[in-house]
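Hi everyone, thanks for making time. I'd like to walk you through one model today, so please have a look at it while I talk.

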2 protein chains.
Amino acid sequence: MGGDHAPRAVLEGAALAIGSGGIDPASLLLVGREEALRPLIEELSLQPVEVVHAAEVISMDEPASAAVRSKRDSSISVAMEAVASGQGDAFVSAGNTGAVVAAASVVLGRSKGVHRPGIAVPMPTQKGPCIVIDVGANIYCKPEHLQQYAIMASEYCRAVFDKPTPEVGLLNIGSEEGKGGGFVSETHALLQASDISYRGFIEGQDILSGAVDVVVCEGFVGNVILKVAEGLAKFVGQQVHNAFALHPPRNEVKTAVNEAFASLDYAEYGGAPLLGVTAPVLIGHGRSSPHAVMNMIRAAGSLVEYGLNRHIAERLAAQSGGVSP
Amino acid sequence: MGGDHAPRAVLEGAALAIGSGGIDPASLLLVGREEALRPLIEELSLQPVEVVHAAEVISMDEPASAAVRSKRDSSISVAMEAVASGQGDAFVSAGNTGAVVAAASVVLGRSKGVHRPGIAVPMPTQKGPCIVIDVGANIYCKPEHLQQYAIMASEYCRAVFDKPTPEVGLLNIGSEEGKGGGFVSETHALLQASDISYRGFIEGQDILSGAVDVVVCEGFVGNVILKVAEGLAKFVGQQVHNAFALHPPRNEVKTAVNEAFASLDYAEYGGAPLLGVTAPVLIGHGRSSPHAVMNMIRAAGSLVEYGLNRHIAERLAAQSGGVSP
């Protein structure tokens, strides 16, 4: 029921995921208001998916924690309960991000050994996606949180983007040691001592050039990065649109440029995982298209198949055994 | 001597500033290695500008504080001394930003009542420039620092962008009260009590839409915003370039799109002022074009004429008299 075009975009995404051959319709649980879902299931010939009724809906801009507390029968909470009880293996939503994070924390809980869950967003770069973690689950972090983010995001990269040794950078405002203050220095030392492929400091412009596969940062700055990138892509798109209005290009030029802009849309990448909770949770952008929802469902399948949570638990256990006192 | 194309781009910028009629050549002090400057002054017919010899040069990526300490005869330090002694009224450079900030702090010093100087960058938006302060002079701030930034940037907006009542936003990761934690809440309360036109929280995407005239944030996140925006603009430009290579557009389409991208280049906006030191200091991007240098020189003239530092001092004095105990 979540997202700007729900429930239609979500169900169309489910249809695409089934149609693409990777997803067995009987493995999908659709959670939401049955009377809203049934006609679309009919229309899109989605049988034999299973419907789990949830009477309430958390809207996109509702204050998250309060909504999760007061709406016990929301689609987000009911779907999370289904995963917690073992009826489902992974959770996918294009709904209210804060509500998903709150429900996951309460209903699923943190994985053993995890200090704080973090949201990892694959951002488009010149060399494929770069994972930025955290983008808002954990506003102000401790160095140990960022160390765990680096480990968890490396595992996610292996699972979904087929990179056996993902390279990790620490966001800073310069490349020299001593820049960025004590928090950054402490985190730098922890990452150097971690069992990851750590490449040192990364500046803002390096994220988009694809210098590394994973960038770790505090949730406040990560969230700002995501929103600035989104705002800027929109602004540039508008400028190019205005230029085209004055000097209309041939159709194939327009199509090529539109495709270039579509490649910038991280909403298409298969969603952002909330890493560090006891089951795979994928959060899509509110404006997720059916194609984006399909990618999320398939990514959820990959994470379950890979055994992401088992891998993360093993890595964290090895790390804390190896380094911390 | 600073910048990627120094000293030629700087001297060509001086020539443009003189040619545009606003700047008297006799009012310009060019500071740098005399043997490098003289031939260009000849070539560009820049007489009667005055040359102040400085034997040393701080390079663009030298660690800033150490360079300022060890190179007492660098163009940055010598020019700053010229302003401190009253030989000049304002300082302009496309050189090493950290070195300019360090030299300004040591040689000029903070204005009376200023806690921390901050760098204000005019970023292009859908509605003209938006000033983001701080972008790296003050990595981790106190709420009082951001309050002063809001006041100083409002004055700068009045001086250079002709906006009598600039609207100020506080960068946050949501628009509700309670988001962003204690630091943001405390700053929010201080800004509400300040004699500025405060519009509340602003998210990353709102910067580029031009929702406000001034956005205040800590130096770490401000610096990241700037660099992500720069990296993204470059990335999008590359994508569009690739699209054009496959489907070459007519020349006027290409020109219109190139102009759209040029409007995104904050390097062209007349430099970023370091606010809170005892004289106007403008810092340009390393890749500043002659046009950008011209804009900086003219902006420096406007700040002197407006009496920016006197206005800032009056505002800060009124603020501390009015609100703090």
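First, some housekeeping. This is a predicted model, where local features need pLDDT of at least 70, side-chain atom pairs count only at pLDDT 80 or more, and totals for chains, interfaces and linings use all residues. Residues are numbered from 1 along each chain as its sequence is written, while chains are lettered from A and ligands numbered from 1 in the order in which they are written.

Now, how many residues does the contact take from each chain? It takes 46 from chain A and 47 from chain B, where contact means C-beta atoms, placed from the backbone, within 7 Å. On the chain A side, α8 (204–209), α9 (219–246) and α10 (251–262) each supply at least two residues; helices here are DSSP runs of H or I with at least four residues, strands are E runs of at least two, and both are numbered from the N terminus. The most comes from α9(A), with 20 residues. That side of chain A divides into 26 nonpolar, 14 polar and six charged residues. For the classes, Ala, Val, Leu, Ile, Met, Phe, Trp, Tyr, Cys and Pro count as nonpolar, Asp, Glu, Lys and Arg as charged, and the others, Gly among them, as polar. And 100% of the interface residues of chain A are also interface residues in chain B, so the copies meet through the same surface.

Next, a helix pair across that contact. The axes of α9(A) and α10(B) are 9 Å apart, at an angle of about 150°; axes are lines fitted to C-alpha atoms, for helices over the stretch in contact, and angles run from 0 to 180 degrees between N-to-C directions. That makes α9(A) roughly antiparallel to α10(B), on a scale where under 35 degrees is roughly parallel, over 145 roughly antiparallel, 65 to 115 roughly perpendicular and the rest oblique. Among the residues that meet here are A:V240 and A:L246 from α9(A), and B:V257 and B:A260 from α10(B).

Within chain A, the axes of α6 (residues 143–161) and α7 (residues 181–192) come within 9 Å and cross at roughly 40°. That makes α6(A) oblique to α7(A).

Now for single residues. Is A:F91 buried or exposed? A:F91 is buried, with 26 other C-beta atoms within 10 Å; the cut-offs, for C-beta atoms placed from the backbone, are 20 or more others within 10 Å for buried, 12 or fewer for exposed, and partly exposed in between. A:F91 sits in strand β3 (residues 91–93) of chain A, and its contacts include A:M80 and A:L282.

A cis peptide bond joins B:Q47 and B:P48, with omega about 0°, and another joins B:I133 and B:D134, with omega about 5°. A:S45 is not a glycine, yet has a positive phi of about 50°, and A:S45 is exposed, with 10 other C-beta atoms within 10 Å.

Methods: Contact = placed C-beta atoms within 7 Å. Lists of a residue's contacts leave out its neighbours within four places in sequence.
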